[in-house]
Amino acid sequence: MDAPCNLRKTTLRLYPTPKQEAALHALLRSHQQLYNAALEERIDCYRKTGESLTFAAQCKSLTVLRKECPEWAEAANCSSQQMTLRRLDKAFAAFFRRVKAGQAPGFPRFKSLARFPGFSFKGHGDGWRFTPGADWRHGTLRLSGIGHLRARGQARQGGDIRASDVLHRDGKWFLSLTLDIGTPQRARTGDAAMAFDWGVETFLTGLDHAGDEVCLDNPRWWRSEKDRITGLQQAVSRKKNKRSNRRRKAVQRLASARAKTARRRLDWAHKETAKLASRFALVATEELRIANMTRSATGTVEKPGKNVAQKAGLNREILDTAPALFTSLFRLKVTETGGEWVEAPTRKLKPSQRCPACWALAKKSLSVRTHTCTECGHTEPRDLASARVVLNWALGTHDGQELAGTGARERPCETPSFAQQRVE
């Protein structure tokens, strides 16, 4: 039986020579011009005929263009240009999906060179080839018309190369490879069960089946870099001429500082989720809807919102922790170890409002950080109580399943009538 297809991304830094960098910039500009020309073609077609152009129709136009204008055929690989058309097609598909769902449409926009992220290739060997080093450490990228470029970085697990993206960010060039790694190779040293609750004051408050707490402090990336980034923002604002070299350099310094913070956040999330995934065979948490949690409090003209400044500060702290990033990485690593990931239905279970001892519900405001049950008197920190509710629900819902080492089948649930009370 063939191994299952598991696609993963790995990113390496490219180090082109000055001559190669000039060629890369020219190639990037040709893809940006193609994207804008294809967008204009779609707009003109709809204005004149009332119909939308498809991706297949634009690929035919590209074939004609490459025959009639040799400079377009020489500018870039045909399949790579088709990938740029595919990117535009996906932008329109997302636009129509948002219109149908009644959301803010966000019509695809023309892109300047500074806002064009890069270009893509599909079939390995079609205009490009990547040769990895030993143990997938570093390597060499060969691009048609540009030559061989040094690449530095290391993939955690190698595999079959399927596609690639050449990206330009903050004045640097990167190669993003799509690999089919087959069966993920990630070891697990423990077989415990845990549940956790995410928060801003403490990033992660968890509890395992034995009652031991698992906590992660909030790194607060924004606060640690606030003064520096604010100073760089003010330096950009002081330079009024948007075409000056000084403003361009100030913008680049600001972008580099923000990118460094993002890399630190991602690196921390990868390391912490890898540690946790290696310890637990079952991980449970509640469903998070970050978009709902970070909505603006401004309201409408007729009914303006209250505490707008406070809500804006809370939204900034929530987004700074990147809970969706952490959760997605954690879920991926747990499944790679052969573990089980469980998400409790927040609206039905209400973990932050429920008592883990007697299962009673009592509404609490966000400022209340200690759970005190009026029914049974159970008292503990609110985040820990919420994690305990999710853990009880997960073990009860998965009663009878083989959870090695958790003892979920042998030991009764802390709530005697939980099997009848649990939220389906």
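These are legends for a set of close-up views of one predicted protein chain.

The model is predicted, so local features need pLDDT of at least 70 and side-chain atom pairs count only at pLDDT 80 or more, while totals for chains, interfaces and linings use all residues. Residues are numbered from 1 along each chain as its sequence is written, and side-chain values use heavy atoms, with hydrogens and water left out.

**View 1. The whole chain, before zooming in.**
The protein chain holds twelve helices and 14 strands; these are DSSP runs numbered from the N terminus, with helices being H or I of at least four residues and strands being E of at least two. Its C-alpha trace spans about 80 × 65 × 50 Å along the principal axes. Of the 424 residues, 43% count as buried, where buried means under 20% relative accessible area, exposed means over 50% and partly exposed is in between (1.4 Å probe, protein chains only). The accessible surface comes to about 24000 Å², and 51% of that belongs to carbon and sulfur atoms; areas come from the Shrake-Rupley method with a 1.4 Å probe, and for residues only the protein chains shown count as cover. Take the contacts (heavy atoms within 4.5 Å) between residues at least 6 apart in sequence: 63% of them join residues at least 24 apart.

Arg169, Lys172, Arg228, Lys260 and Arg263 together form a positive surface patch. To get into a patch, a residue needs over 30% relative accessible area and no salt bridge; like charges are then joined within 9 Å, and nonpolar side chains (Val, Leu, Ile, Met, Phe, Trp, Tyr) within 5 Å. One of the members, arginine 263, sits in helix 6 (residues 245-277). As for charge in the chain overall, there are 74 positive and 43 negative charges, and their mean positions are 9 Å apart. Lys and Arg count as positive and Asp and Glu as negative, with His and the chain ends not counted; each charge is placed at NZ of Lys, CZ of Arg, CG of Asp or CD of Glu.

**View 2. Glutamate 21 and its neighbours.**
Glutamate 21 belongs to helix 1 (residues 18-49) and is partly exposed, at 28% relative accessible area. Leaving aside residues up to four places away in sequence, glutamate 21 touches Pro16, Gly171 and Trp173. Lysine 172 is 151 residues from glutamate 21 in sequence, yet the two are 9.6 Å apart in space, C-alpha to C-alpha.

**View 3. The glutamate 336 to arginine 186 salt bridge.**
The whole structure has 17 salt bridges, each being a side-chain nitrogen of Lys or Arg within 4 Å of a carboxyl oxygen of Asp or Glu. Here glutamate 336 pairs with arginine 186, and their closest N and O atoms are 2.8 Å apart. This pair links distant parts of the chain, 150 residues apart: glutamate 336 is in helix 9 (residues 323-336), and arginine 186 is in the loop between strand 7 (172-180) and strand 8 (192-198). Both glutamate 336 and arginine 186 are buried.

Arginine 265 and aspartate 320 meet through their side chains in a salt bridge, 2.8 Å from N to O. Arginine 265 is in helix 6 and aspartate 320 in helix 8 (residues 308-321), so the pair ties together parts 55 residues apart in sequence. Both arginine 265 and aspartate 320 are buried. The other salt bridge joins the side chains of glutamate 272 and lysine 275, at 3.9 Å from N to O. Glutamate 272 and lysine 275 are three residues apart in helix 6, so about one helical turn separates them. Glutamate 272 counts as buried, with 14% relative accessibility.

**View 4. Two aspartates with positive phi.**
Most residues other than glycine have a negative phi. Aspartate 135 has a positive phi of about 55 degrees although it is not a glycine. Its place is the loop between strand 3 (128-132) and strand 4 (137-143), and aspartate 135 is exposed, with a relative accessible area of 67%. Aspartate 170 also has a positive phi, near 55 degrees. Aspartate 170 lies in the loop between strand 6 (160-169) and strand 7, and counts as partly exposed at 26% relative accessibility.
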